[in-house]
Amino acid sequence: TVVEKQLKKEGKSRHDVGRPEFLKLVWKWKEQYGSTIVGQLKRLGVSCDWEREAFTMDAPRSRAVREVFVRLFEKGDIYRGKRLINWCPQCLTALSDLEVEHEEAKGALYYLDYGNGVTIATTRPETIFADVAVAVNPTDERFKHLIGQKCKIPLANREIPIIGDEAVLTDFGTGALKITPAHDPTDFEIGQRHNLEQLVGLTETGKLNELAGEFNGMDRFKARTAVTEKLEAEGLLVKKEEHINKVGHCYRCHTVIEPYLSDQWFMNMKRLAEPAIAAVKNGDVRFVPDRYSKTYLAWMENIRDWCISRQIWWGHRIPIWTCESCSHRQGYVEDPTGGCPKCGDARYEQDPDVLDTWFSSGLWPFSVFGWPEQTPDLKYFYPTSTLVTGRDIINLWVARMIMLGYEFLGEKPYTDVHIHATIMTRDGQRMSKSKGTGIDPLELIEEYGADGTRFGLMSQATQSQDVRHTEERYEQGRNFCTKIWNAVKLSLSLAKDTQPTDKPEPTSLADRWLLTRVSQLTRKVRGAIEGYNFDQAAGALYEFFWTELCDWYLELIKPVFYQRQDAEEQKRVAQCLLYALDHYLRLSHPIMPFVTEEIWHHLPGERAPLILSPMPEPGWEDAQAVSEMDTLQAVVRAARNLRAELGLLPKQKAEILLVAPASSKELLEKNRPMLEALAMAEPLTIGEDRPGKALSQGVGELEVFLPFPADFDLSREVKRLEAELAEARKFAEGTERKLSNQAFVDKAKPEVVAKERERLAEYQERARGAEERLKLFTNQ
Ligand SMILES: [Zn+2]
Ligand SMILES: [Zn+2]
């Protein structure tokens with residue numbers, strides 16, 4: 001299509017340059033853009049076996065296409081037939097049902113007088129010239145006495161029979177249906193049942209033909225108006241009603257497609273579909289998310305024969321030769337050298353049509369490994385494990401690979417079909433190159449790095465249908481990579497000269513906790529990746545690194561290196577840290593391959609490339625360490641909240657008082673230095689007596705108190721909070737008034753109303769917070 005558009009700009013069509021020259025141009029285009037795509041994939045860090053790159057049009061794949069075609073042809077499953085197909089009058093080719101895009105359009109229903117008391121309703125009066133009958137439902141009391149009689153096509157003045165057929169709906173239009181077998185799928189079937197003639201009333205380019213008399217040569221849409229006007233002038237138009245119907249468009253050029261009677265190649269699908277339906281039903285092939293198996297089964301269970309021929313030039317040419325004298329047809333895997341094998345006539349020519357591109361794509365899972373040769377690759381890799389693709393090609397591609405896999409290999413092509421979410425624009429539109437709403441992955445990589453881009457994508461890779469493109473996610477990804485880089489640099493400065501080990505000895509609570517969390521993270525990330533929940537894997541990796549490793553663990557171990565000088569302790573802690581980093585890098589490598597591979601080689605010890613290193617296994621777990629750490633973290637968080645309530649600066653020390661039951665006292669005492677450091681507590685008192693003037697927060701059975709500092713001006717703080725509360729309430733009321741004004745809600749854009757609602761919630765939250773803090777102070 002792109003090459004044809006380029007030619008059009010130069011005022012040429014493919015017919016002007018000729019078939020061989022045209023194919024050369026397409027190959028040139030393919031080489032240029034094919035390598036662009038491969039370049040993008042490489043920069044994105046896609047890990048493919050680039051030595052096995054293949055293309056559906058290369059020699060081994062072409063061989064597979066011809067082999068499959070000839071085998072199915074010889075079995076009778078590929079046949080030539082005059083069928084109603086979807087025809088694009090612009091591209092001059094047949095299209096498969098899946099290549100037609102249906103859209104609702106406003107049209108009209110025209111009621112026409114066919115004489116003999118018969119009125120028919122049609123949306124397409126220009127097709128009347130190809131009518132061959134009028135059909136009524138034989139159970140319809142209004143019309144059944146007419147069956148066997150005749151009526152007359154208006155304007156054409158041609159008599160046609162009135163027939164009875166149960167497919168005619170009695171409640172649509174008038175209940176009498178004009179039958180145009182060559183231009184409507186229902187009519188085609190009715191026509192076949194009654195052995196009716198198939199009159200073609202349109203040319204390939206969508207113009208009326210000689211059947212239409214004075215309208216001969218007129219474009220189909222112009223003719224619709226002209227025919228209607230003439231009918232009206234002659235008093236044959238009974239009435240006209242507005243009507244909405246679904247109109248099919250060409251996926252390539254968006255021209256309205258025409259159901260058209262044409263000689264095409266078809267593939268019989270019913271038999272091929274059977275094992276492919278069973279495979280999904282019995283779980284041999286699994287869709288993830290499972291809901292897409294419904295999409296697949298709905299199509300497969302009602303499958304129609306596949307129109308596989310296309311009247312274009314780019315593609316696999318149909319490997320059938322036909323003899324001009326005796327009409328003998330034969331399929332060839334290799335081009336034949338002589339003439340017709342039956343009569344020897346030299347006018348023995350290859351079919352000019354090419355195959356639907358999905359024909360060769362459908363063979364990909366085995367053609368890529370060199371089938372029909374029984375190659376070692378084919379033996380080793382087929383069936384494969386997972387296919388990852390988008391939902392718009394489940395029927396076009398996935399279904400056909402499964403059917404053809406069973407047919408030619410007797411086995412499924414893969415076990416899992418993962419259908420990923422589609423990235424939409426920020427406001428929920430489909431990304432499209434022609435509308436300029438797409439994004440170039442290279443630009444994202446320029447801006448956020450390949451790993452930042454990948455992390456951003458993975459963190460949005462939910463199992464929903466669509467995700468809206470949010471640039472913040474890539475930014476978060478880039479910042480995350482920087483964070484990992486810096487934190488590892490710091491860690492390595494602490495762990496310098498330490499030899500890593502597979503079996504670290506965690507002795508402190510912090511170490512036991514860290515190794516337990518690493519093991520739990522390993523389970524979580526592996527489980528998420530195995531279940532195709534990539535967003536959950538990305539989220540868990542982010543949370544662990546940023547919060548647990550950096551905010552907590554690295555803070556907790558600083559005293560070991562900066563204050564205490566116990567070399568044995570330092571070695572033990574450094575080995576735990578290195579162990580955690582080793583596992584962490586392996587777990588995050590699939591999402592951020594570049595930064596993790598680079599860092600990996602800075603860790604001490606002998607290291608194979610990270611990309612070749614196995615994912616870690618869960619290891620050390622100590623539930624008690626986690627529950628103790630949870631308590632300590634909750635105490636620190638409570639102390640920090642209280643400090644914030646009081647407006648203390650981060651470095652400002654303040655007294656903290658913990659009132660604890662005897663059961664927790666030992667834990668708190670043992671970890672006193674950590675609590676002092678992380679809560680900026682000086683002094684830290686652990687006891688039973690509650691203080692007088694203080695803020696407090698409960699943590700399970702514990703209570704955390706922050707006594708007011710000596711210089712704290714309670715009345716000033718109360719006044720400030722009162723003012724804050726009054727302001728928040730005023731804004732909330734104003735917004736509420738706006739939202740209760742029906743005229744505003746009706747007229748404003750939905751996103752404006754939503755914004756106001758958000759604002760209201762924010763003011764209410766602010767008021768509630770101020771109110772609560774006030775209560776704390778005024779209760780003192
Ligand atoms: Zn088209
Ligand atoms: Zn012959």
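Predicted model: local features only at pLDDT ≥ 70, side-chain atom pairs only at ≥ 80, totals over all residues.
Select glutamate 682 together with proline 683, and look at the peptide bond that joins them, which is cis, with omega about -5 degrees. Then step back to methionine 680, in the loop between helix H21 (672-678) and S23; its phi is near 50 degrees, a positive value in a residue other than glycine, and at 19% relative accessibility methionine 680 counts as buried because the limit for that class is under 20%.

For another cis bond, go to tyrosine 382 and proline 383, where omega is near -5 degrees; proline 383 sits in the loop that runs between helix H11 (376-381) and strand S18 (384-389). Another positive phi in a residue other than glycine, near 55 degrees, belongs to asparagine 116, which is placed in the loop between strand S3 (100-113) and strand S4 (119-122) and is partly exposed, with a relative accessible area of 40%.

Next, colour the largest nonpolar core, which has 90 residues, and pick out Leu514, Phe545, Tyr553, Leu658 and Val704, the members that touch the most others. Helix H16 supplies the largest share of this core, 16 residues.

Helix H14, residues 471-494, is the next selection: its 24 residues reach 35 Å from the first C-alpha to the last, close to the 34 Å expected at 1.5 Å a residue. Its buried residues include Tyr474, Phe480, Ile484, Val488 and Leu492, and among the elements that cover the buried residues of H14 are strand S20 (422-424), helix H13 (441-459) and helix H16 (534-562).

Now move to glutamate 407 in helix H12, residues 394-409. Setting aside residues up to four places away in sequence, glutamate 407 touches Leu72, Lys75, Arg271 and Leu272, and its C-alpha is separated by 9.7 Å from that of valine 68, which is 339 residues apart from it along the chain.

Finish at the largest cavity, with a volume of about 50 Å³. Select its lining, which includes Glu126, Phe129, His183, Leu202, Asn209 and Ala212; by class, the lining has six nonpolar, four polar and one charged residues.

Terms used
Residues numbered from 1 in each chain as written. Chains lettered and ligands numbered in written order. Heavy atoms only, no water. Helix = DSSP H or I, 4+ residues; strand = E, 2+ residues; numbered from the N terminus. Expected span 1.5 Å × (residues − 1). Buried < 20%, exposed > 50% of the residue type's maximum accessible area, 1.4 Å probe, protein only. Contact = heavy atoms within 4.5 Å. 1 Å grid on protein atoms, 1.4 Å probe; cavity = no way out; pocket = protein on both sides within 12 Å on 5 of 7 lines; lining within 4 Å. Points joined across faces, edges and corners; volume = space filled by probe spheres on them. Nonpolar A, V, L, I, M, F, W, Y, C, P; charged D, E, K, R; others polar. Core = buried A, V, L, I, M, F, W, Y, C linked by side-chain atoms within 4.5 Å.
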